[in-house]
Amino acid sequence: MRIGSTCGASCSPVATALCTREIGKAADAIAGGNVVIACGQEAGRFEELAAELGVEAPACVDIRDRAGWSDDADVGAKQAALMAEALMPAAPIKSVDVISEGMCLIMGAADIALPAAEALCDTLSVTVLVTAGALPDVPDSRFDVIIGDLKKASGAFGGFQLRIDALQQVEPGGRGAPRMSAPRDGAQSECDILLDLTGATPLFPAYEKREGYLRPDPGSQPAVQAALLSAVQMVGTFEKPLYVAFEESLCAHSRAEQPACSRCLNVCPTGAITSAGDHVAIDPMICAGCGACSALCPSGAISYDAPSVDEVFRRMETLARTYRDAGGTAPRLLVYDASHGAEMIRLAARFGRGLPADVIPLEVSALSGFGHAEMMAALALGFVAVDLLLAPRADRDVIEREQTLASAMCGEGKLRILDLNDPDQLSDALYGQAVSPAIAEPILPMGSRRQITRMAAKALAPEGGALPLPEGAPYGAVLVDTDACTLCLSCVSLCPSGALVDNEDMPQLRFQEDACLQCGLCANICPEDAITYELRMNLDDSALQQQVLNEEEPAACIECGALFGVKSAIDNIMEKLAGKHPAFASSDQARMIQMCDNCRVQAQFHSENSPFAGGERPRVRTTADYLSKRKDH
């Protein structure tokens with residue numbers, strides 16, 4: 001009843017063997033169209049049945065393996081939430097085609113690399129780079145053999161670029177051992193697949209995430225055979241997901257060659273992000289989609305896009321709202337990845353106690369991309385606790401950093417990281433958790449990740465105030481030493497987010513706290529070292545308004561009275577230059593320092609030694625002048 005009423009669909013009687021002895025019921029329902037089957041395990045069988053009937057395949061929603069049943073008796077609200085979330089239309093994922101023509105470079109000792117080449121040469125176009133060992137007396141003409149030192153490798157599957165020094169190639173000959181060409185440096189080459197059998201240091205950081213780069217243990221025959229099998233299948237056209245979207249105009253990496261934010265550069269495991277002047281550049285072919293850059297980006301220049309961040313917010317909102325509409329009161333959220341976490345929940349659901357009735361699982365494609373904004377939004381949507389089930393290969397440092405930041409804004413005890421490998425331990429940790437009540441008025445997450453974070457923090461702490469944040473937080477205030485600041489406004493001209501602004505009518509430095517990224521650029525560029533930071537989340541409305549950090553009396557032109565510059569700065573210049581510098585030795589020259597731009601130009605133009613004055617202009621020569629010098633005229 002609760003599933004049907006909250007999801008807007010009628011529910012059939014419960015079936016226990018819909019894919020076997022009750023398959024007739026499934027056939028009747030599928031033939032009628034617009035049916036959803038709550039079974040993901042046998043989705044293939046139902047698709048075949050739909051094909052036989054000549055109708056569209058039904059939607060299959062996995063409730064059992066997402067722990068929709070457990071030792072708890074009342075699970076209706078949870079099942080309704082899982083059903084509503086599964087029925088949401090899937091957002092399309094952007095991708096780009098990667099073409100591999102099967103050009104494969106095998107690196108390694110001769111006794112290992114040459115047998116591997118013999119196994120692959122009938123399927124792939126193989127070149128062997130021998131790093132050690134002797135070449136065979138009779139070379140195999142089915143593949144090329146070279147000797148050299150691979151100095152540099154870049155790129156990814158379908159587009160590796162290589163630079164080889166001391167390159168020697170086999171010269172064809174009729175008799176005797178193969179002869180090698182003279183060694184030469186700087187050889188350039190390309191390949192689609194790179195099979196590294198050297199057992200040496202990997203060519204790439206996080207090499208297991210570099211598509212097209214296979215690096216098995218050369219001492220393990222099963223590992224080598226598995227790599228050969230993978231290489232054989234890497235021919236054709238493949239879809240490469242575009243994991244992140246990037247808006248370079250929002251990037252706060254640098255301005256005027258002054259360093260600022262480098263959070264994404266510091267955490268990217270594959271080296272897909274590089275510096276490109278005032279912003280960073282992302283190579284989509286190298287990006288493995290871990291999502292850490294999206295979680296840490298303070299400006300929103302980088303956002304996860306497979307699926308989008310907005311899609312994750314909508315899924316969480318649907319889960320929380322449907323759970324409440326179905327009669328639930330205080331749901332908890334369990335966030336997990338599609339491999340390790342999904343398998344843990346399946347095992348717990350099938351063979352253990354499962355998950356408590358109030359724990360709703362949420363599968364995400366990038367666990368590291370579930371940052372502090374998503375954690376805060378989940379709590380403000382009505383979840384009383386958020387647990388992240390850590391995967392073995394997840395970036396724990398990023399996840400812990402984001403959890404620490406979110407905990408500073410929402411309070412301790414609401415966010416946990418579960419590093420477990422036993423399904424029973426997972427169930428025990430969730431059944432024994434003590435939670436606090438849910439918030440009275442859940443929010444509707446709208447806007448950027450920064451805006452949603454602030455909205456969630458205010459919902460969780462309606463009393464307002466400023467919450468201190470840990471080191472590295474992207475929120476906070478700029479503090480200015482007014483005694484040192486000269487109001488040169490260099491910080492204003494370079495601020496990438498517009499948090500620091502000036503006042504056109506008077507010498508004034510203004511600051512809007514909610515826009516500040518804490519990127520460090522203004523402190524780096526300040527010539528007086530007058531800027532420091534205070535890490536905090538200011539929940540008061542003052543953070544949304546411009547505050548005056550420093551102001552001084554403007555200087556008035558002694559000729560026309562127009563306001564220009566800062567009076568203290570003009571007085572300081574007068575003290576240091578008037579009567580002391582040759583350009584301002586006389587009183588009339590010194591007066592120019594106290595003039596505005598227009599009056600200063602006028603005074604210079606009419607002065608005795610005007611820099612604009614010149615000698616009499618020479619007469620323009622005409623044709624008559626040239627003709628007068630000719631003898632025939």
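**Cavities and backbone**

Visitor: Where does the largest share of the lining of the largest cavity come from?
Guide: This is a predicted model, where local features need pLDDT of at least 70, side-chain atom pairs need 80 or more, and totals for chains, interfaces and linings use all residues. Numbering starts from 1 along each chain, and side-chain values use heavy atoms, without hydrogens and water. A cavity is a set of points on a 1 Å grid where a 1.4 Å probe fits but cannot get out, and lining residues have an atom within 4 Å of a point. The largest share of this lining is 3 residues, and they come from α16.

Visitor: Which helices each supply at least two residues of that lining?
Guide: Helices are DSSP runs of H or I with at least four residues, and strands are E runs of at least two, numbered from the N terminus. Two helices qualify here: α15 (490-494) and α16 (521-525).

Visitor: How many charged residues does the lining have?
Guide: Ala, Val, Leu, Ile, Met, Phe, Trp, Tyr, Cys and Pro count as nonpolar, Asp, Glu, Lys and Arg as charged, the others as polar. The lining of the largest cavity has 14 nonpolar and 3 polar residues. Its charged residues number none.

Visitor: What is the volume of the largest cavity?
Guide: The structure holds 5 cavities of 30 Å³ or more. Volume is the space filled by probe spheres set on the grid points. For the largest cavity, that is about 110 Å³.

Visitor: Which of its 17 lining residues are closest to its centre?
Guide: The largest cavity is lined by 17 residues. Closest to its centre are Cys495, Pro496, Cys516, Cys519 and Cys522.

Visitor: How many residues of helix α4 are buried?
Guide: Buried means under 20% relative accessible area, exposed over 50%, partly exposed in between (1.4 Å probe, protein chains only). In α4 (residues 76-86), the buried residues include Lys78, Gln79 and Glu85. Helix α4 has 11 residues, and the buried count is 10.

Visitor: Is the peptide bond from Ala306 to Pro307 cis or trans?
Guide: Pro307 sits in the loop between β18 (302-304) and α9 (309-325). Omega from Ala306 to Pro307 is near 0°, and the bond is cis.

Visitor: What is the phi of Ala166?
Guide: Ala166 lies in strand β7 (residues 160-171). Its relative accessibility is 33%, so Ala166 counts as partly exposed. Ala166 is not a glycine, yet its phi is positive, about 55°.

Visitor: Why does Leu489 count as partly exposed?
Guide: Leu489 is in the loop between β24 (476-480) and α15. Its phi is positive, near 65°. Leu489 counts as partly exposed because its relative accessible area is 24%.

Terms used
On a 1 Å grid over the protein atoms alone, a cavity is a set of points where a 1.4 Å probe fits but cannot get out, and a pocket is an open set with protein on both sides within 12 Å along at least five of seven lines; lining residues have an atom within 4 Å of a point.
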